[in-house]
Amino acid sequence: MKQQQQNLFSIAPRITQALILCLLWLLVSGDLPVFAQQKAPSPDSEVSVAIGSGLHFFNVSGYRGKVGEYEVLKSGADSTFSIIGNQGKNYFDLNGQFFAADDQKYSFNVDMQRLFQTTFSYNKFIHYLDHDSLANQDSYTDYNPGQNNHIVIEELKSGNTLRIPQLPFLKLKMNYRSYAKRGTRQATTVSKCSECHVSSRNERINDQVNDIAFGFEGTAGPATIQYMRHWISFNQNGTAPVNNYGDGASFFLVKGSNPYGLIPETYTSVHDIRVRTQLPFSTSLFASYQTGEKSNRDSHYDIDYHNLAARLSNYLSRYFTVDTFYNQYRMNNSTPNAIDRNYKRGGLDVGTAFKKQFNVKLSYIWENIDRDNFYVNYTRKKTFRLTANYRMFKKLRFHFKYENTRVADPFVTDNIFVNPGMNLPGLTETMLPQNADLFYSSLSWSIRQNLTLNSSFRYLKGKNDRYQVDSDLCEVNFSLWYVPVEKVTLTGSYTLSDNNIDTPVSYKRYHSYDRTSLFRYDDIPYDAENQVYSLTMSYLLNYKVSLTGEVTYTRSASDFDSYLNSKNIGDLSDLKINRLDTALGVTYLYSSRLTLSAKYMFREYNDKNDNTLDGQFNGISVGFNWLLK
């Protein structure tokens with residue numbers, strides 16, 4: 001079976017490549033086929049071709065990982081192209097953008113008389129990763145100090161649908177997805193305890209995920225049935241770092257030299273069935289069932305799972321609707337002493353709209369999680385939700401939602417020592433609430449034809465009486481769209497997020513230092529605040545010249561607000577970060593087919609507590625876009 005899967009994974013990319021090459025040849029030659037039993041296409045054809053090219057000049061000072069975390073900030077040339085058109089009943093759409101070797105994306109869509117449809121996309125980008133100096137640890141070893149890392153990510157997706165004229169009720173489908181990550185990242189490990197003996201090495205990453213799916217979609221009366229068979233493989237071709245764990249400890253069972261940071265290679269096989277149908281009495285049904293197996297190629301253990309979901313919607317009248325839903329997920333793990341889980345979820349939505357401008361929905365949702373081989377055998381969760389929409393006036397709309405969630409026995413970490421006699425009291429830990437209340441509201445007001453205001457408010461209150469955990473999250477947003485004069489458009493927004501968590505924490509329990517922390521917790525509140533200011537402006541100078549400008553300023557701060565053992569705990573993880581992003585652009589319509597553009601960009605990242613992450617970016621780009629036909 002595994003050999004067949006390997007052969008399938010090796011053949012699928014070649015099939016996809018062959019389809020792409022054939023389609024490109026047909027598009028270039030203009031000889032798109034006419035399928036049997038179809039009328040000959042109209043001789044009329046329409047094609048729009050546009051190409052663009054330019055140069056960009058970038059300069060980075062300081063650390064570049066924060067001012068361009070997902071960008072290649074190097075000077076060079078860039079290009080774009082777009083081909084959109086039709087030949088009779090055949091339609092195609094191709095787009096591409098090349099900015100650098102590690103920053104490019106392409107896509108195309110082809111529809112051949114609706115008998116064969118294909119979509120393809122390819123995206124490649126880079127992700128720069130920071131290197132933790134581990135300076136806030138009491139004892140550490142960094143084998144690659146100061147060596148920053150990055151990962152190049154590539155994703156290819158292809159979806160294909162074939163219709164057979166003699167079987168109009170049937171669609172054949174073939175999908176393929178490939179996802180790869182290559183580069184290096186920092187991998188850390190500990191021995192004996194997490195506060196000391198920390199070591200770090202850079203790890204080579206070469207991960208590959210391949211997902212192949214074959215199936216069909218058919219209709220039978222009011223019902224639509226879809227079946228897909230997936231084969232998914234994960235391969236890790238990188239190298240895992242090795243650490244010497246010494247003689248271990250009574251509560252740390254790893255000894256000697258061993259690899260770490262290793263992700264096992266897996267094969268996954270999935271059957272996916274979905275049904276949609278209309279039933280009598282204005283009722284509709286959607287149901288799905290998935291069953292699959294995930295095999296660990298290193299340990300040869302596997303996980304079997306089954307997932308059933310269904311939703312029944314009933315339109316009782318123009319004023320009253322009822323939805324019921326149910327979901328069950330069951331997972332069985334063959335690994336000895338691993339967690340098995342049976343998850344069930346169900347609920348009811350009741351909606352009413354006695355007035356056209358006012359509607360209300362009441363929801364009740366329950367969740368049950370049963371576990372084997374784990375000391376929290378079950379978790380029970382109930383959620384009550386009220387949602388209302390009210391159009392007060394023609395230009396004023398209001399939305400409100402209240403949600404109450406109650407959890408019995410949330411997932412916790414308990415008794416971390418595995419040896420008999422080492423289970424100490426007070427070591428049960430969780431950050432999950434037993435009760436949570438969510439309030440959300442939004443307001444949209446079209447004051448005039450040239451002025452619109454939007455605002456939203458979200459407040460989440462969480463509480464766990466058993467473990468003395470309190471959390472408050474408040475989010476506020478204001479935005480506006482304003483056209484003061486015909487040639488000027490302004491868009492602005494302000495967002496505030498404030499998060500406070502009050503929870504007991506055990507600090508510094510190692511080498512018998514401050515032994516009381518083994519039996520009692522200290523109160524260490526955590527505060528985090530984030531503010532974002534944004535303003536965008538466009539100005540049409542005349543019918544040929546337009547100007548654009550944008551600025552975004554972000555302020556972020558968070559800390560542990562407490563002193564223990566005459567030491568400010570906040571110093572271990574204080575964050576105070578300011579970031580500024582600005583851009584100014586100009587576009588010149590040289591002719592009906594040729595457009596010239598230029599843009600200046602500036603970014604600054606300032607970390608108040610770690611100036612090694614500070615950086616600035618200046619960039620200028622110039623280019624043109626030419627509509628060939």
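Biologist: Which residues form the nonpolar patch on the surface?

Modeller: Ile51, Phe81, Tyr588, Tyr590, Leu596, Phe624, Trp626 and Leu628 form that patch. Together they have about 700 Å² of accessible area. Bear in mind that this is a predicted model.

Biologist: Where is Tyr590 found?

Modeller: Tyr590 sits in the loop between strand E31, residues 575-589, and strand E32, residues 594-607.

Biologist: Stepping back, how many helices and strands does the chain have?

Modeller: There is one helix, and there are 33 strands.

Biologist: And how much of the chain counts as buried?

Modeller: Of its 629 residues, 34% count as buried. The accessible surface of the chain is about 35700 Å², and carbon and sulfur atoms account for 57% of that.

Biologist: What share of the contacts comes from residues 24 or more positions apart?

Modeller: Among contacts in the chain with a separation of 6 or more, 56% are between residues 24 or more positions apart.

Biologist: Back to the strands. How does E1 pair with E33?

Modeller: Strand E1, residues 45-62, and strand E33, residues 615-627, pair in the antiparallel sense over 13 bridges. As an example, Phe58 has Gly619 in E33 as its bridge partner.

Biologist: What about E32 and E33?

Modeller: E32 and E33 also pair in the antiparallel sense, over 12 bridges. Ser597 stands opposite Gly623 in E33.

Biologist: You mentioned Phe58. Which residues do ring pairs link with Phe58 into a cluster?

Modeller: Phe99 and Phe617.

Biologist: How many aromatic pairs does the structure hold?

Modeller: The structure holds 16. One of them is Tyr494 with Tyr533, a tilted pair at 5.0 Å centre to centre with 45° between the planes.

Biologist: Where do those two tyrosines, Tyr494 and Tyr533, lie?

Modeller: Tyr494 lies in strand E24, residues 488-502, and Tyr533 in strand E27, residues 526-540, so the pair ties together parts that are 39 residues apart in sequence.

Biologist: Is Tyr494 buried or partly exposed?

Modeller: Tyr494 counts as partly exposed, because its relative accessibility is 23% and buried would mean under 20%. Tyr533 also counts as partly exposed, at 35% relative accessibility.

Biologist: Changing topic: how many salt bridges does a search of the whole structure find?

Modeller: The search finds 21. In general, side chains of opposite charge can pair when their charged atoms come close.

Biologist: What is the N to O distance for Asp272 and Arg274?

Modeller: Their side chains meet in a salt bridge at 3.2 Å, N to O. Asp272 counts as buried, at 9% relative accessibility, whereas Arg274 is partly exposed, with a relative accessible area of 33%.

Biologist: And what does the salt bridge of Asp370 and Arg380 look like?

Modeller: That salt bridge is 3.0 Å, N to O. Asp370 is in strand E18, residues 358-372, and Arg380 is in strand E19, residues 378-393, so to speak of the chain, the pair links distant parts of it, 10 residues apart. Asp370 is partly exposed, with a relative accessible area of 29%, and Arg380 counts as partly exposed at 29% relative accessibility.

Biologist: Which residue forms a salt bridge with Arg458?

Modeller: Glu475 does, with the closest N and O atoms 3.6 Å apart. This pair links distant parts of the chain, with Arg458 in strand E22, residues 451-464, and Glu475 in strand E23, residues 469-482, 17 residues apart. Arg458 is partly exposed, with a relative accessible area of 27%, and Glu475 counts as partly exposed at 29% relative accessibility.

Biologist: One last topic, backbone angles. What is phi of Gln113?

Modeller: Phi of Gln113 is near 55°, a positive value in a residue other than glycine. Most residues other than glycine have a negative phi.

Biologist: Where is Gln113, then?

Modeller: Gln113 is in the loop between strand E4, residues 103-112, and strand E5, residues 116-129. Gln113 is buried, with a relative accessible area of 9%.

Biologist: And Ser282, what is its phi?

Modeller: Phi of Ser282 is near 55°, again a positive value in a residue other than glycine. Ser282 is found in the loop between strand E13, residues 266-279, and strand E14, residues 283-296. Ser282 is partly exposed, with a relative accessible area of 47%.

Key: Residues are numbered from 1 along each chain as its sequence is written. This is a predicted model: local features need pLDDT of at least 70, side-chain atom pairs count only at pLDDT 80 or more; totals for chains, interfaces and linings use all residues. Side-chain values use heavy atoms; hydrogens and water are left out. Helices (H or I, at least four residues) and strands (E, at least two) are DSSP runs, numbered from the N terminus. Buried means under 20% relative accessible area, exposed over 50%, partly exposed in between (1.4 Å probe, protein chains only). Contact means heavy atoms within 4.5 Å. Accessible areas come from the Shrake-Rupley method with a 1.4 Å probe; for residues, only the protein chains shown count as cover. Patches are made of residues with over 30% relative accessible area and no salt bridge: like charges are joined within 9 Å, nonpolar side chains (Val, Leu, Ile, Met, Phe, Trp, Tyr) within 5 Å. A salt bridge is a side-chain nitrogen of Lys or Arg within 4 Å of a carboxyl oxygen of Asp or Glu. Two strands pair if DSSP finds at least two bridges between them. Rings of Phe, Tyr and Trp (its six-membered ring) pair if their centres lie within 6.5 Å; planes under 30 degrees apart count as stacked, over 60 as edge-to-face and the rest as tilted.
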